[in-house]
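Welcome, and thanks for taking a look at this one with us. Here is a short briefing to read alongside the viewer.

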Amino acid sequence: MIAVLFSCMLFSQGCSYAISSGMADKADKTVRFEKLQADPDTFKGKLIIIGGTIAHASDVDQGTVLEVIQRPLDYWGKPERTKRTGGRFFVFHPGMLNMLAYAPGIDITVAGEVLGTSIPMIGNKQYDYPVVLSKEIKRWEPESRSGEKARWMDPLSGDPARSGPKE
């Protein structure tokens, strides 16, 4: 009986949603990124769940600002590995984040309150990016690429020619 409970507990931990259930229950799931991007001020004060890939991270006096390339979230709340994106948004996280852990290329899921719009100047053009105040943030471990397969060595041959792929 204890083994069954323990295995259920492990299974539920491995397959839980990215954001805590308490926070996910409070979030407005009707807000779509396309609508948020079109008019962020309409959604000011709403709690949403959004995610994507970090494009840039910087420390500011009051915390950390992440520029994120939006990606659709899968069933578990993880950003999908797709080229499809709705655009970019900013996440303001009160408190300092480890810049190595939250570096460009890292996927995140955020539960946060919509603050409105930020208008950064990129080149000669201004962009309206939605800004979200982070209430909870989930950092996803980078996935290994197919070319990064584990190397192995045939213990019977000792022949390096028979051990794993060559670079």
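In which strand is the place of Gln70? Gln70 sits in strand S2, which covers residues 63–70. Please keep in mind that the model is predicted.

- Gln70 has a relative accessibility of 9%, and because the cut-off for buried is under 20%, Gln70 counts as buried.
- The Gln70 side chain makes a polar contact with the backbone nitrogen of Gly86, at 2.7 Å.
- Leaving aside residues up to four places away in sequence, Gln70 touches Arg84, Thr85, Gly86, Gly87, Arg88 and Phe89, as well as Phe33, Gly51 and Gly52.

**The barrel**
- Strand S2 is also part of a barrel, which five strands close in the order S1-S2-S3-S7-S4 with mixed pairing.
- From one strand to the next, the twist averages 50°.
- Seven bridges link strand S1 (residues 47–60) to strand S4 (residues 107–118), and this pair is antiparallel.

**The largest pocket**
- The largest pocket holds about 450 Å³ of space.
- Its lining has 20 residues, of which Val31, Arg32, Phe33, Ile49 and Leu73 are the closest to the centre.
- Helix H3 (33–38) and S1 are the elements that give two or more residues to this lining.
- S1 gives the most, with four residues.
- Phe33, one of the residues closest to the pocket centre, is also among those that Gln70 touches.

Terms used: Residues numbered from 1 in each chain as written. Predicted model: local features only at pLDDT ≥ 70, side-chain atom pairs only at ≥ 80, totals over all residues. Heavy atoms only, no water. Buried < 20%, exposed > 50% of the residue type's maximum accessible area, 1.4 Å probe, protein only. Polar contact = N/O pair within 3.5 Å; in protein donor to acceptor, adjacent residues only side chain to side chain. Contact = heavy atoms within 4.5 Å. Pairing = 2+ DSSP bridges. Axes fitted to C-alpha atoms, helices over the stretch in contact; angles between N-to-C directions. 1 Å grid on protein atoms, 1.4 Å probe; cavity = no way out; pocket = protein on both sides within 12 Å on 5 of 7 lines; lining within 4 Å. Points joined across faces, edges and corners; volume = space filled by probe spheres on them.
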